[in-house]
There are 2 protein chains.
Amino acid sequence: MAMTKIVECVPNFSEGRDLEKIEKIVNPFRGKDGVKLLDYSRDVDHNRVVVTVVGEPQAVKEAMLEAMGVAIQVIDMRNHKGEHPRMGAVDVVPFIPVKNMTMTEAVELSKEFAKEAAERYNVPIFLYEKSATSPDRENLANIRKGEFEGMFEKIKLPEWKPDFGPQEVHPTAGVTAVGARMPLVAFNVNLGTNNIEIANRIARNVRFLNGGLRYCKAIGVELKDRGIVQVSMNMTDYTKTALYRAFELIKVEARRYGVPVVGSEIIGLVPMEALIDTAVYYLGIEDFSMDQILENRIME
Amino acid sequence: MAMTKIVECVPNFSEGRDLEKIEKIVNPFRGKDGVKLLDYSRDVDHNRVVVTVVGEPQAVKEAMLEAMGVAIQVIDMRNHKGEHPRMGAVDVVPFIPVKNMTMTEAVELSKEFAKEAAERYNVPIFLYEKSATSPDRENLANIRKGEFEGMFEKIKLPEWKPDFGPQEVHPTAGVTAVGARMPLVAFNVNLGTNNIEIANRIARNVRFLNGGLRYCKAIGVELKDRGIVQVSMNMTDYTKTALYRAFELIKVEARRYGVPVVGSEIIGLVPMEALIDTAVYYLGIEDFSMDQILENRIME
């Protein structure tokens with residue numbers, strides 16, 4: 001019952017087709033003390049695998065260094081094609097503080113990892129999100145713009161000097177982004193219409209990009225088999241932009257079109273607090289503290 | 001990260017005034033491997049202390065046996081007065097399965113404890129709630145009716161033969177109830193009126209006793225300092241009678257009086273699932289699984 005720090009790491013590797021290579025890349029996360037492989041899911045069209053691992057910070061960092069070494073051996077970006085934008089064999093390595101750990105500690109861990117990885121593998125590394133060393137580098141899309149093929153020119157620009165490693169793209173492994181971020185919550189709200197234009201308009205109204213909620217990314221998506229559409233969101237900081245706030249705002253916007261909200265879904269994992277917070281709002285619970293959650297008291 | 005079973009135990013002891021005695025009773029729950037003392041709160045008017053402890057089943061059972069021995073030494077029921085109904089020095093010992101543990105296992109643990117306690121201390125023990133050996137004994141209030149003073153006659157009745165121990169009240173320690181139960185959630189809903197009669201009427205409409213929700217006990221309570229009243233509830237099985245259901249039903253009933261629901265409160269601890277369930281309802285999340293809670297995946 002000690003206060004073990006737990007970090008989550010969700011590396012994205014640029015291989016979604018060759019199962020043998022994928023297993024080799026994932027293998028360093030298996031059978032290690034203090035490291036737990038929660039999930040890995042590949043996408044053939046994206047040609048990419050997303051791994052989810054949790055554990056003690058140093059143990060996760062070491063396993064991640066090992067996996068990066070394997071990925072660099074087995075992936076050659078010169079032959080890589082896929083729908084998802086990408087710039088490196090190890091495209092992005094986010095560290096997420098999930099228990100007994102501050103964001104500052106996660107940033108520190110991401111920088112340790114970035115420094116060691118750049119030295120060991122001679123790959124240029126950009127720090128992003130909370131670890132970013134300039135506002136331009138906070139958004140991963142900004143860093144990745146131009147993708148692998150465009151990096152060879154981009155990296156020569158003084159404003160795109162990498163934070164660690166050589167100012168030269170690794171010939172087969174490209175470049176890597178590393179950073180600390182909040183847990184993402186993939187939260188989709190279903191609308192009682194098949195009109196994708198309505199979902200797109202509502203998405204624009206609730207998302208940060210167009211003047212909506214600060215920690216909300218949103219697009220309209222068609223669920224063709226069900227004949228409905230949804231506002232598909234990434235909630236990038238549920239502690240600041242609560243799930244219920246996005247949900248209620250979508251209901252408000254949907255009214256304009258006379259369209260009902262018919263349900264929602266959460267894809268993948270969600271931190272307990274994001275839903276507790278929502279329950280506390282709807283029940284109007286006064287003075288609630290996360291210390292009142294039985295499970296939080298058992299497992300300190 | 002092993003699948004450790006965790007039980008909660010919330011014994012009630014009949015001493016709420018003598019701090020020295022209370023410390024002696026609580027002491028066996030301190031500094032033991034596999035046992036964590038979460039809270040103990042005494043009430044002078046009730047002359048009673050309620051202890052909350054969690055941990056590994058056998059370790060909690062052993063500590064509880066030790067604490068019972070101390071309580072029997074320091075409490076003499078012949079001199080006990082207090083507002084809360086009571087029948088023994090160790091009045092009631094509930095075991096609550098909280099993690100990786102079934103109700104069947106908690107019932108088994110409660111029976112092991114009851115058998116050993118009766119043998120060791122020569123105290124008659126009644127099994128109650130989920131451990132009850134007849135429907136009459138499910139409700140603690142039924143067992144306790146007559147209190148300490150009335151037990152000497154009551155225990156002679158064939159239908160009140162104890163489940164363990166002698167068919168004779170312990171002269172100074174009385175009798176004890178032991179059983180397994182679900183976690184209670186103390187959930188109070190505040191009304192925008194100072195009319196206690198309205199709170200009482202709504203309480204009657206939502207509680208099991210008068211035809212309301214099966215796992216809901218409720219009374220009206222005045223919050224004099226705030227000039228409002230509340231429906232004060234014990235939710236006795238949140239997995240069957242969800243918190244949101246009681247909340248929405250109170251809103252429905254309150255409409256009859258033109259009274260708004262102005263907030264709510266949860267007193268003490270609440271299992272995570274009781275609030276997750278509520279969030280899932282209000283957001284209309286489809287196909288949600290508790291396995292999607294990040295914390296549940298980390299700490300298996």
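The two copies meet through the same surface, because 100% of the interface residues of chain A are also interface residues in chain B. The model is predicted: local features need pLDDT of at least 70 and side-chain atom pairs count only at pLDDT 80 or more, while totals for chains, interfaces and linings use all residues. Residues are numbered from 1 along each chain as its sequence is written, chains are lettered from A in the order in which they are written, and side-chain values use heavy atoms, with hydrogens and water left out.

Chain A is superposed on chain B by a rotation of 180° with 0.0 Å of shift along the axis, at an RMSD of 0.0 Å (least squares on the C-alpha atoms of residues with pLDDT of at least 70 in both). This is the relation of a two-fold axis. In chain A, A279(A) has the C-alpha nearest the axis, at 2.2 Å.

Across the interface, 44 residues of chain A are in contact with 44 residues of chain B (contact: heavy atoms within 4.5 Å). The two chains bury about 4,100 Å² between them, 68% of it on carbon and sulfur atoms; buried area is the accessible area (1.4 Å probe) that two parts lose on being put together, summed over both. L283(A), E286(A) and L294(A) supply 17% of the area that chain A buries against chain B, more than any other three residues. Between the chains there are 2 salt bridges (a side-chain nitrogen of Lys or Arg within 4 Å of a carboxyl oxygen of Asp or Glu). The side chains of E286(A) and R226(B) form a salt bridge at 2.9 Å, N to O. Helix 8 of chain A gives 7 residues, the largest share of the side of chain A that touches chain B (helices are DSSP runs of H or I, at least four residues, and strands are runs of E, at least two, numbered from the N terminus).

Over all chains, the structure holds 36 salt bridges. One of them joins the side chains of D91(A) and R48(A) at 3.1 Å, N to O. D91(A) lies in strand 5 and R48(A) in strand 4 of chain A, so the pair ties together parts that are 43 residues apart in sequence. Both D91(A) and R48(A) are buried (buried: under 20% relative accessible area; exposed: over 50%; partly exposed: in between; 1.4 Å probe, protein chains only). R48(A), D91(A) and R144(A) are linked in a network of salt bridges. R48(A) is also among the residues in contact with F13(A).

How values were computed:
Lists of a residue's contacts leave out its neighbours within four places in sequence.
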